[in-house]
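Here are some notes to read with the model open beside you. Take the points in order and find each place as you go.

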Amino acid sequence: MTQDAKLFGYGGRILRVDLSKAAVRVEPTPEKMAREYLGGRGFVAKILWDELPPGVEPFSAENKVVVASGPMSGLFLPSSGKIEMGTKSPATGLYGEGNMGGHLAGELKFAGYDAIIIEGLAPKPCYIMIDDDKVEIRDAAKYWGKGAFETEKMIKGDLGEDFKVATIGPAGENLVVYAVVSHDFGRQVGRTGVGAVLGSKKVKAIAVRGSRGFELADSEGAYKKGKEMFDACFALPGFEDWTPYGTAGVTDWINDIGAFPTRNFQTGYFEKHKNINGAMLKDRILILDKGCTACPIPCGKYSRFNYKGRLIYVEGPEYETIALMGGNLALESIEEVAYANYVADELGLDTISAGSVIGFAIECLEKGVLKPADVGRDVKWGDTDGVAWLLERIARREGIGDILAQGVKAAAAKFGKGSEKFAMHVKGLEISGYESRYAPAMMLAYMTADIGGHHNRAWAITYDAAVGQEKIEGKAWKVIELQHVRPLFDTLGLCRFPWVELGFELHHYADMFALVTGWHYSWEDLLRVSERIWNLTRCFNRREKPDFGRADDLPPPRWMEEPLPSGAGKGHLMSRENAEKMLDEYYALRGWDGNGLPTPAKLKELGLDFVLEKVKLGA
Ligand code: SF4
């Protein structure tokens, strides 16, 4: 790699940690990559494309984990604490990536690094200690086997409270394909199993302390702009409504519009939703608001409650956990949801995938696909202790947990007996918190998300509600727009909630980007970068799965074959014909062919011609 010029807003260096050789190397951040992919998600996608051998095994030495902050991470502007982590996913065999808040993103840049590339396999448990220029691969024997929170506490105790620490729990050590990376006692890179890949490399934690700082193109201008942005944020009308509840505040609305996943997505209406909503969280268990770097609208809700005589503290539950562990498992009180949340977090499991997998297992028991003897005990809807018992078995891979640890798609293939019909996933990734039979734009968002069934690429459900939930046509453009805007935040190293929840104006970000980097990109220029990354990850998926295409974009059978039995969407489903219609509209607007792959002309337009050396596109 070569560096062409001083980069403003960047740490300017990439840290490469080779675990097999026990070697670390510092490389300059290439200016060309920074200009074309910006950072965060863009760096993850480009580095994985360039450096992974096609068809790499997720748990092999050749797979890598890329950790990347963005050019706006850690700055004085609203909500600048997001960091990205990506890998070839063991959950899907495709592009894997997730992000989390907290304080790691800024700290990494303060230490002078834009990204860490973790490669090879360590021979024994280790953690990566980064203290500015001092970088060591250290023994982690005493942390191995410990919970995610416990490990973070121990490492901070050993190194100092000012270290920012990301850890994996037992689930990551045991290669559960939906194991998370945890940080700041409650923030997680949740989806696609990045924690499992770290576990396969025997990396228990990454600890970072930084004091080098980095330069901005116009520090004074950026400070003034940051102040203006905070003032604008505080003045927004939604401020007072959002902050008391965070994401939990949408629970009732999602249920009202028939989109609350209930009993393994059998329906979109949960009769006990008022027991587990934002108001219950606030009134019964919330003790303080907890935010990421420079966040004026903290969505982290730190809770304290008593569960069967145990005093428990946990961050959350936030909406996705309320959906997948509340409605989807029919847990009936906010304390029970928070308890399941706590157990999953400490074990290092993604609450979305774990909630989906356990919901699937309970439905298997309900329908006789599994017998209690197959599982080790009976578990029913609303059975909090049974849920916690299964979470433990999954994380430790004991008994039935060994199968459930491989995700819902693999479990359905193993159990058979028609269970594939109610295994709720897209591309092998369990679906997050929106039942979408009466929300076609949201369903299209799930169908086309590059990592599989996740909502964060395009939270299109508000558009469904705005223009008519029954409407199929004319929604693809909105999904595409969101798929460019939302991941752009992940690329810049920012949280999108000021814009999503409060309507914060997007032009502020382009203005700030120019002051930080000295590069005058319009908002449209930035969106173009996001489109480039979107097309690159699509090509990545095709490279890793040579027949990848249209068939991978279909929703699960339940959504195409079973009408919703209750709630606002009663009677609705997404027929196969309508799903195909939505894909036709979506592909045409994207400039892709009928199989859902970028055309050579589209790749050229986006500066991605190079991908054709490594992937065969077309039908
Ligand atoms: Fe973090 Fe929530 Fe603030 Fe976003 S809104 S920066 S996720 S605390």
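1. First, a term we will need: contact means heavy atoms within 4.5 Å. Helices (H or I, at least four residues) and strands (E, at least two) are DSSP runs, numbered from the N terminus. Please remember that this is a predicted model, where local features need pLDDT of at least 70, side-chain atom pairs count only at pLDDT 80 or more, and totals for chains, interfaces and linings use all residues. Residues are numbered from 1 along each chain as its sequence is written, and side-chain values use heavy atoms, with hydrogens and water left out.

2. Start with the open sheet, whose six strands follow the order 2-1-6-3-4-5 with mixed pairing. Its edges are strand 2 (23-28) and strand 5 (95-100), each of which pairs on one side only. Two strands pair if DSSP finds at least two bridges between them. From one strand to the next, the twist averages 15°.

3. Now look inside the sheet. Strand 3 (residues 65-68) pairs with strand 6 (residues 115-119) in the antiparallel sense, over four bridges.

4. Which strands does helix 2 lie across? Helix 2 (residues 40-51) lies across strand 1 (13-18), strand 3, strand 4 (83-88), strand 5 and strand 6, and runs at about 155° to strand 5. For such angles, axes are lines fitted to C-alpha atoms, for helices over the stretch in contact, and angles run from 0 to 180 degrees between N-to-C directions.

5. Is Asp18 buried or exposed? Asp18, found in strand 1, counts as buried because its relative accessibility is 13%; the cut-offs are under 20% relative accessible area for buried and over 50% for exposed, with partly exposed in between (1.4 Å probe, protein chains only). Not counting residues up to four places away in sequence, Asp18 touches Ala23, Glu119, Gly120 and Ile137.

6. Leu7 sits in the segment before strand 1 and is buried, with a relative accessible area of 4%. Leaving aside neighbours within four places in sequence, Leu7 is in contact with Thr29, Glu31, Ala34 and Trp519. The C-alpha atoms of Leu7 and Glu215 are separated by 8.2 Å, although these residues are 208 apart along the chain.

7. Finally, visit helix 25 (residues 576-590). Its buried residues include Ala579, Leu583 and Tyr586, and among the elements covering the buried residues are helix 20 (476-492) and helix 23 (523-544). After helix 25 comes Gly591, with a positive phi near 75°.
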